Amino acid sequence: MNLQPQIMDSIRRSAISVFSTMLGVELGPGEASIEHSTPDAIDGVASFIGVAGAWAGTGSVFCSPDLACRVCNRMLMTDNSEVNEEVLDAVAELTNMIVGSVKNDLEAHVGVLGLSIPTVVFGRNFRTKSAGTTDWVVVRFPWEGETLLVKMCMAAHTGHVEGPDL
Amino acid sequence: MESDVLVVDDSAAIRKILQRVLRQTGMSIRTILEAGDGLEALNVLKAQKVDLILSDINMPKMDGLQLLASLKASPQLRHIPVIMITTEGGATKVGEAVRLGASGYVRKPFTADEIKEKLAGILEPVRPL
């Protein structure tokens with residue numbers, strides 16, 4: 001079963017809905033692609049949530065420090081100009097809502113899934129690597145001159161009986 | 001009558017948003033208390049009576065369903081209405097919350113109107129002077 005088209009559509013729908021509802025921002029559909037897990041080094045904020053069930057994987061959000069502050073300021077009506085605990089918490093919650101919505105959509109195809117508590121990293125010149133060889137579904141959302149990146153990879157557990165291709 | 005509300009969520013961001021949204025609902029609210037997980041919520045309730053609890057489901061230490069079960073098992077606390085506010089949309093956890101006695105649930109992301117709708121009938125609106 002190939003879930004990538006469902007994940008792509010769901011990321012778009014979820015991110016647009018979360019931004020509209022919680023930030024009052026209308027995002028465009030974004031640019032979607034399938035990528036291998038060998039990313040370039042990045043500067044900024046990365047947030048991750050694990051997904052587990054008959055299928056398992058990771059959902060993540062990446063953005064610049066400036067964009068992370070803007071997310072926080074729109075979501076919490078604050079005036080942060082540098083990344084602090086409040087900003088990291090806002091990005092974590094944004095990730096939780098986007099990945100949580102995708103998880104809810106995927107449950108229709110693969111059964112009940114669980115979510116981990118989000119983890120957020122802020123730094124310079126770091127790389128992220130997920131164990132496994134599954135490709136990532138990546139959607140880049142431009143917003144006010146910067147890019148919010150939402151990524152997700154999901155794979156069936158070994159031994160799981162696969163259904164027909166969707 | 002002014003009401004006291006307890007917001008339970010491990011995300012400080014969501015607690016802050018709910019503080020703001022609750023103040024905008026037009027309901028007569030005196031105090032909004034906060035807890036970061038179910039255990040913290042039970043400790044708050046030892047010291048303070050509340051009229052409504054808004055609780056997340058996925059939290060560390062004690063999650064929202066465990067909190068709900070503890071509340072409903074307590075003769076002193078079982079009467080407090082609990083509204084679950086969660087990213088969970090699946091029938092399993094939401095159904096479990098309803099079975100345990102939740103008064104309702106709101107799915108994240110939420111609007112102020114969705115919260116206000118759930119409060120109607122539980123809290124009283126502010127009376128005009």
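User: What pTM does the predictor give the complex?

Analyst: The coordinates are those of a predicted model. For chain B, the mean pLDDT is 92, and 99% of its residues reach 70 or more. For the complex, the predictor gives an ipTM of 0.85 and a pTM of 0.89.

User: Which helix gives the most residues to the side of chain A that touches chain B?

Analyst: The interface involves 20 residues of chain A in contact with 18 residues of chain B. On the chain A side, α1 (4–23), α2 (65–76) and α3 each supply at least two residues. By class, that side divides into eleven nonpolar, six polar and three charged residues. The helix that gives the most to it, with ten residues, is α3(A).

User: How many residues does helix α3 of chain A give to the largest nonpolar core?

Analyst: The largest nonpolar core has 81 residues, of which A:A68, A:V71, A:M75, A:A90, A:V91 and A:I98 touch the most other members. Helix α3 (residues 85–110) of chain A gives the most to this core, and its share is twelve residues.

User: Which residues does A:A68 contact, leaving aside its neighbours within four places in sequence?

Analyst: A:A68 is among the core members that touch the most others. With neighbours within four places in sequence set aside, its contacts are A:V45, A:C63, A:V83, A:V87 and A:V91.

User: Are α2(B) and α3(B) roughly parallel or roughly antiparallel to each other?

Analyst: The axes of α2(B) and α3(B) are 9 Å apart, and the helices pack at an angle of about 30°. An angle under 35 degrees counts as roughly parallel. The relation of α2(B) to α3(B) is therefore roughly parallel.

User: How many polar residues does the contact of α2(B) with α3(B) have?

Analyst: From α2(B), the contact draws on B:G38, B:A41 and B:L42, and from α3(B) on B:G64, B:Q66, B:L67 and B:S70. By class, it has three nonpolar and no charged residues, and its polar residues number four.

User: At roughly what angle do the axes of helix α3 and helix α4 of chain B cross?

Analyst: Helix α3 (residues 64–72) and helix α4 (residues 91–100) of chain B have axes that come within 9 Å of each other. The crossing angle makes α3(B) roughly parallel to α4(B). That angle is roughly 10°.

User: How many charged residues does the contact of α3(B) with α4(B) have?

Analyst: On one side of this contact are B:L65, B:L68, B:A69 and B:K72 of α3(B), and they meet B:K93, B:E96, B:A97 and B:L100 of α4(B). By class, the contact of α3(B) with α4(B) has five nonpolar and no polar residues, while its charged residues number three.

User: Is B:K46 buried or exposed?

Analyst: B:K46 lies in helix α2 (residues 38–47) of chain B. The C-alpha atoms of B:K46 and B:A73, 27 residues apart along the chain, are separated by 15 Å. Because B:K46 has 8 C-beta neighbours inside 10 Å, it counts as exposed.

User: Which residue is joined to B:P109 by a cis peptide bond?

Analyst: B:P109 is in the loop between β5 (104–107) and α5 (112–119) of chain B. Omega of the cis bond is about 0°, and the partner of B:P109 in that bond is B:K108.

User: What is the phi value of A:E144?

Analyst: A:E144 belongs to the loop between β6 (136–143) and β7 (146–156) of chain A. With 8 other C-beta atoms within 10 Å, A:E144 is exposed. Its phi is positive in a residue other than glycine, at a value near 50°.

User: What is the phi value of B:K61?

Analyst: B:K61 is placed in the loop between β3 (52–55) and α3 of chain B. B:K61 is exposed, with 12 other C-beta atoms within 10 Å. Phi of this residue, which is other than glycine, is positive and near 65°.

User: Which residues of chain B does A:V112 touch?

Analyst: A:V112 is in the loop between α3 and β4 (113–115) of chain A, and it is partly exposed, with 13 other C-beta atoms within 10 Å. Not counting residues up to four places away in sequence, A:V112 touches A:G53 and A:E107 in chain A, and in chain B it touches B:G90 and B:T92.

Technical notes:
Residues are numbered from 1 along each chain as its sequence is written. Chains are lettered from A and ligands numbered from 1 in the order in which they are written. This is a predicted model: local features need pLDDT of at least 70, side-chain atom pairs count only at pLDDT 80 or more; totals for chains, interfaces and linings use all residues. Axes are lines fitted to C-alpha atoms, for helices over the stretch in contact, and angles run from 0 to 180 degrees between N-to-C directions. Helices (H or I, at least four residues) and strands (E, at least two) are DSSP runs, numbered from the N terminus. Angles under 35 degrees count as roughly parallel, over 145 as roughly antiparallel, 65 to 115 as roughly perpendicular and the rest as oblique. Two residues are in contact if their C-beta atoms, placed from the backbone, lie within 7 Å. Ala, Val, Leu, Ile, Met, Phe, Trp, Tyr, Cys and Pro count as nonpolar, Asp, Glu, Lys and Arg as charged, and the others, Gly among them, as polar. A residue is buried if 20 or more other C-beta atoms lie within 10 Å of its own, exposed if 12 or fewer, and partly exposed in between; C-beta atoms are placed from the backbone. A nonpolar core is a set of buried Ala, Val, Leu, Ile, Met, Phe, Trp, Tyr and Cys residues joined through C-beta atoms within 7 Å. pLDDT is the predictor's confidence in each residue, from 0 to 100.
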